[in-house]
Amino acid sequence: MVNTEMVDSTIQYVKKYHKIADFSLTNQNGETITQDTYKDKIYVADFFFTTCQTICPIMTDHMAIIQKEIMNDPDVMLLSHSVTPVIDSVPQLKKYAIKKGVNDAKWNLVTGDKKQIYSLARKSYLAVKTDGNGDEFDMIHTENFMLIDKKRQIRGYYDGTNPEDISRLIDDIQILKEEYK
């Protein structure tokens, strides 16, 4: 189901058991968020920036719909990575989180090292087609939402701007949960 154009050349021959790499980023509350924060969780990941005027506001509104659906589900969380970490400081993320109704217990908006975030987008989440090295001129802009299972494996891609895909994602979370019963 993964478009080969989305797979970084360094991992194109990993056929099975591809996992999201370890990470260490900072959330809207200044807390360190790592893969351990999401240990034994199903989660939805995306990439955004707070000053985006095009697809990001739609994506964030759709993530808020997912948040509402999973609010009382201890097995499911959300993770939004800033692609402009220099602009999206902790105070900026906090302001955005409050404005967008982010529940800190369910949804982390994270910032940190740009190279790490861009490497995650390209080599872990396989979220973007573009090449780049995370330098100051590199820019990722993708509408993809990724559904990640409890083993840190990608289980689906969804257009974060498409209401039908959001409904399908919510349904797929429930289907995935059945695997763990």
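**Exercise 1.** Determine which residues of α4 are buried, and work out how they are arranged around the helix.

*Solution.* Step one is to apply the cut-offs, with buried meaning under 20% relative accessible area and exposed over 50% (1.4 Å probe, protein chains only); in α4, Asp 165, Ile 166, Leu 169, Ile 170, Ile 173, Leu 176 and Lys 177 are buried. Step two is to look down the axis of α4, where these buried residues fall within an arc of 145 degrees and therefore line one face of the helix. On the other side of α4, Glu 164 and Ile 175 are exposed. This is a predicted model, in which local features need pLDDT of at least 70 and side-chain atom pairs count only at pLDDT 80 or more, while totals for chains, interfaces and linings use all residues. Residues are numbered from 1 along each chain as its sequence is written, and side-chain values use heavy atoms, with hydrogens and water left out.

**Exercise 2.** Find which elements the buried residues of α4 pack against.

*Solution.* With contact taken as heavy atoms within 4.5 Å, the buried residues of α4 pack against β3 (42-48), α1 (55-70), β4 (76-82), β6 (144-148) and β7 (154-159).

**Exercise 3.** Describe how β6 and β7 are joined and paired.

*Solution.* Strands pair if DSSP finds at least two bridges between them, and β6 and β7 do so in the antiparallel sense over five bridges.

How values were computed
Helix = DSSP H or I, 4+ residues; strand = E, 2+ residues; numbered from the N terminus. Arc of directions from axis to C-beta.
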